[in-house]
Amino acid sequence: MLGPLVIRVSGTEVAVTGRRRQALLGMLLLRANRMVPWEQLAEVVWEGRPPGTAREILPSYVMRLRRAMGAEAGGRVVTGPGGYTAELDESELDLHRFRAGYRRARRQEEAGDWTGAYDAWEAALGLWRGEPLAGLPVGAALREELDAVVRTRTEARQYRVEAGLRLGRDADLLGEVADLAQSHPFDERLQAQWVRALYLAGRQGEALRVYDGVRRRLAEELGVDPSPPLQELHRRILQADPALAAPAGGRAGATAASAGAAARSTAPQQLPAAVRHFTGRTEELTALGALLEEAAGGGGAVVVSAIGGTAGVGKTTLAVHFAHQVAHRFPDGQLFVNLRGFDPAGRPAEAATVVRGFLEALAVPAARIPKDLDGQLALYRSTLAGTRTLIVLDNARDAEQVRPLLPGSDSCLVLVTSRDRLSGLVALDGAVPLTLDVLNREEARELLCLRLGAERVRAQEQAADELITLCARLPLALNIAAARAVGRPGTALSVWADELRAARTRLDVLSTGERSSDVRAVMSWSYQALEPHAARLFRLLGLHPGPGIGVPAAAALAGVPLHEARSTLDELARAHLLTEQAAGRYTCHDLLRAYAVEQAERHEAEEVRREALARMFDHYLHTAHRAASLAYATDTTVTALDLSTPAPGATPAALDDHEQALAWYRAEQAVLTATAARAHAAGFDDHAWQLSAVLVPFLLRSGAWREWEEVSRTALAAAERSGHRDRQAHAHRWLGQVHRSEDRQPEAHAHLRRALDLFDSLGDRSRQGGTLLDIALTHGEQKGFSEAVATSRDALDRLRAVGDTAGQALALNSVGWYLAMLGDCAPALAHCRRALALAREAASPRTEAAVLDSIGYIQHAIGDFEDARSHYLEALRLRRALGDYFLQSEALTHLGDTCLALGDTEAARTAWRDALTILDDLQHRDAVAVRGRLDALTEPAH
């Protein structure tokens with residue numbers, strides 16, 4: 001937030017677009033972990049002019065915000081009584097880290113530790129990247145909050161200047177204090193700092209001139225004299241008071257410097273060489289720097305346990321890099337040991353071996369070292385007492401291996417790296433976890449630029465980006481791939497990407513021949529340390545298509561109870577073979593998934609793998625069918641499905657209502673699309689088609705056309721292979737619908753005509769009618785309104801013949817709509833009114849919403865704007881309640897048109913902006929027309 005808004009989820013930036021969504025997010029983040037009443041959010045979202053329906057509309061903005069942020073980050077926006085809360089840990093928001101650093105620095109000042117205070121101010125201010133929330137729409141309510149944040153930053157800069165002046169760093173600070181003072185001409189504390197800095201820099205005459213300018217400005221503009229402290233500073237400068245030039249620290253004498261040099265000459269310096277091509281990890285280094293300040297403040301050794309993370313993510317690299325950065329602050333030495341916690345070639349290092357090595361490094365004579373371990377540990381702690389020593393314990397197996405090696409001194413810093421979470425060290429020893437994820441895309445690209453040269457990467461940008469993706473942004477994999485490319489500078493990067501693209505050979509390519517730099521081997525060390533039940537689940541997770549898996553699906557995959565699956569998933573997360581991206585939801589990067597696939601194929605019989613797949617497919621199919629039955633109860637394709645009994649162990653997730661169903665769909669959308677394709681690839685054609693059938697209603701109404709087309713193609717392939725003509729007909733119809741929505745009318749006509757022929761051969765008149773209505777829509781997209789009317793009437797006849805009430809309502813509405821397009825408003829309105837009565841008779845709110853929208857359009861056309869607006873508002877209310885995301889944009893666009901006709905320009909602007917937010921989110925072609933409406937409002941003749 002301290003600059004342009006950047007959201008990173010698992011290292012990947014997430015873009016939140018739309019003026020109102022950005023404002024909403026900005027306010028929630030400014031008051032993170034506090035509930036913001038909906039009234040205040042409405043003030044921010046609508047820039048001080050919320051509509052009367054703000055309370056009803058606001059939840060849809062929150063829903064779209066969550067969707068834009070993704071399941072992991074969006075789940076942090078929590079609904080409460082009367083408002084919303086953004087729930088974040090202190091380390092997850094730079095504003096929180098800045099405020100924590102501010103408090104830490106003030107405590108250092110109060111303790112008289114000006115060096116510690118100055119460094120703390122530096123760390124806190126280093127988090128700023130510009131103006132807070134730069135580029136976001138800022139109304140009065142949001143501006144007031146941001147101004148308070150900016151004032152705190154200014155105070156922090158003043159405090160840092162004060163600490164720097166006390167340390168004799170006047171020359172370094174002079175430019176900054178001058179800028180601050182000139183920006184705040186009546187802040188006498190800043191003016192005093194400027195005068196003092198000039199004097200300490202040996203510019204006494206200039207200091208006096210600045211003081212005189214301040215005195216005259218205060219007299220002329222405010223009619224007051226300088227404050228007593230400023231006048232006293234002036235007097236002391238005139239008297240050349242020597243106390244002014246005596247800093248609290250920082251100008252160390254030659255004797256102290258010599259003593260420090262002598263101490264350093266005998267101090268152990270065991271750190272390995274820092275990695276030459278280190279890149280990124282800015283946030284982690286900042287967090288480590290903040291922990292170092294806590295260590296300087298006393299209260300026990302600070303242990304960073306989770307420089308933790310998966311194999312190859314760069315835990316040791318980060319620890320060593322940071323240790324080299326801060327080594328000068330530990331003049332009594334730096335100790336380093338590889339505890340070999342996950343080394344398959346040998347046993348983990350024992351405390352007795354490690355502590356003896358440390359004592360020898362600390363120059364303890366061999367004769368003084370006790371023979372028993374307890375005595376050695378006591379001497380180790382005594383030797384470190386009162387010293388400033390940095391200790392790096394690399395590759396720890398567990399907390400028990402680390403605990404004996406912790407010093408008792410509050411002046412030492414201990415860094416521990418491990419593939420385990422070391423939860424016991426966190427709970428009992430005050431360790432501070434810092435989990436390392438894969439690099440983000442910018443960091444990964446920077447690493448390639450350092451290894452290969454920026455010019456080579458820029459010249460082959462697309463291939464470089466593919467390399468980054470195929471290496472899963474894992475530092476070890478990227479370094480191996482880069483090393484291969486460096487060895488053959490004339491070979492195009494696309495050649496290396498081609499080698500990596502084959503999933504079955506990818507891990508073979510990412511090998512150097514040495515176990516420590518072989519991705520497969522390094523991953524195996526974590527895998528081999530697992531208990532048998534956890535290793536089995538990890539292997540079976542290779543059968544899951546990703547990108548994430550919940551506890552119920554994992555339980556079905558393994559055929560175990562929920563509590564056992566939850567416990568084992570957490571075990572895998574502790575070993576950093578999975579990442580818990582949100583509560584109860586886990587993921588892993590592609591290279592770990594490839595390794596899991598290898599292990600499944602090697603250790604699980606084909607029959608066992610197929611049984612696991614069957615349980616997983618049954619879990620998703622039966623849960624999705626339950627969700628569709630709750631959310632789309634009138635969809636006859638869903639209600640007609642006859643599912644087989646789920647396999648033992650494939651328990652569906654519990655869903656109780658419409659909202660839960662939609663939330664489940666949103667969370668699992670990508671997984672369901674991939675699972676349908678996985679089922680077809682594995683030969684489970686019934687599952688593939690049925691999964692598609694229960695997913696299409698959600699994708700259609702959400703406007704997710706790419707996924708809709710993908711599952712429709714999967715469904716068609718599965719139906720053709722199994723020879724089911726009725727299923728082929730449905731799949732052709734779905735493809736026709738999605739092609740029409742994407743403005744590919746020739747393809748839409750071809751698929752819809754094929755669907756119609758198949759339904760005709762099956763004698764299914766109801767679905768013939770529905771398909772004819774889709775064909776009418778396709779005619780309408782091509783401005784063939786007369787053909788659309790004729791086709792709609794044909795559909796109506798077939799639907800009447802089978803007594804399909806809801807279908808007749810849709811057909812009558814279609815006839816009425818296209819008559820209105822032809823200008824025949826009176827018969828159009830009559831058809832739509834009959835359609836509305838039938839929709840209500842059939843208890844079909846979706847059909848009712850469509851008809852209300854049509855009636856509103858016709859009433860607008862005949863000049864009855866008030867009735868048009870009321871019908872549009874009712875249609876919008878129904879579509880919001882149903883969660884029909886795309887169709888809300890249609891109602892909002894029409895509502896805006898009518899509001900403009902009524903002379904309510906602001907209401908029109910609001911409706912069109914809301915519609916544009918949805919259309920931009922869906923990247924829909926209708927966004928161009930709505931943006932044109934908004935642009936026209938700025939013209940004088942609108």
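**Exercise 1. A helix and its cover**

Which residues of α33 are buried? Work out also whether the length of the helix fits its residue count, and what covers it.

*Solution.* Before starting, note that this is a predicted model, in which local features need pLDDT of at least 70 and side-chain atom pairs count only at pLDDT 80 or more, while totals for chains, interfaces and linings use all residues. Residues are numbered from 1 along each chain as its sequence is written, and side-chain values use heavy atoms, with hydrogens and water left out.

Step 1: Helices (H or I, at least four residues) and strands (E, at least two) are DSSP runs, numbered from the N terminus. Buried means under 20% relative accessible area, exposed means over 50%, and partly exposed lies in between (1.4 Å probe, protein chains only).

Step 2: list the residues. In α33, Trp705, Glu707, Trp708, Glu709, Val711, Ser712, Thr714, Ala715, Leu716, Ala718 and Ala719 are buried.

Step 3: check the length. The expected span is 1.5 Å times one less than the number of residues. Helix α33 covers residues 705–722, so its 18 residues should span 26 Å, and the 25 Å between its end C-alpha atoms agrees with this.

Step 4: look around. The cover over the buried residues of α33 includes α31 (658–681), α32 (685–702), α34 (725–741), α42 (885–901) and α43 (905–922). Here, contact means heavy atoms within 4.5 Å.

Step 5: look past the end. Gly723 follows α33 and has a positive phi near 80 degrees.

**Exercise 2. Another helix, and one serine**

Step 1: the buried residues of α13 are Lys315, Leu318, Ala319, Val320, His321, Phe322, Ala323 and Val326. When you study such a list, remember that an α-helix has 3.6 residues a turn, so residues three or four places apart point the same way.

Step 2: Ser814 is part of helix α38 (residues 805–821). Its relative accessibility is 10%, so Ser814 counts as buried.

**Exercise 3. Building a sheet**

What is the strand order in the open sheet of 3 strands, and which strands stand at the edges?

*Solution.* Step 1: two strands pair if DSSP finds at least two bridges between them. β4 (residues 77–80) and β5 (residues 83–86) run antiparallel and are joined by 4 bridges. β3 and β5 are antiparallel too, with 2 bridges.

Step 1: the order is therefore β3-β5-β4, with antiparallel pairing. β3 (36–37) and β4 are at the edges with a single partner strand each, so one side of each has no neighbour in the sheet.

Step 2: find some partners. Gly80 is bridged to Gly83 in β5, and Val36 is bridged to Tyr84 in β5.

Step 3: inspect the turn. β4 and β5 form a hairpin with 2 residues between them, and Gly82 in that turn has a positive phi of about 90 degrees.

**Exercise 4. The whole chain**

How many helices and strands does the protein chain have, and what part of its residues is buried?

*Solution.* Step 1: the protein chain has 44 helices and 12 strands.

Step 1: of its 942 residues, 54% are buried.

Step 2: its C-alpha atoms fill a box of roughly 105 × 85 × 55 Å along the principal axes.

Step 3: among contacts between residues at least 6 apart in sequence, 68% join residues at least 24 apart.
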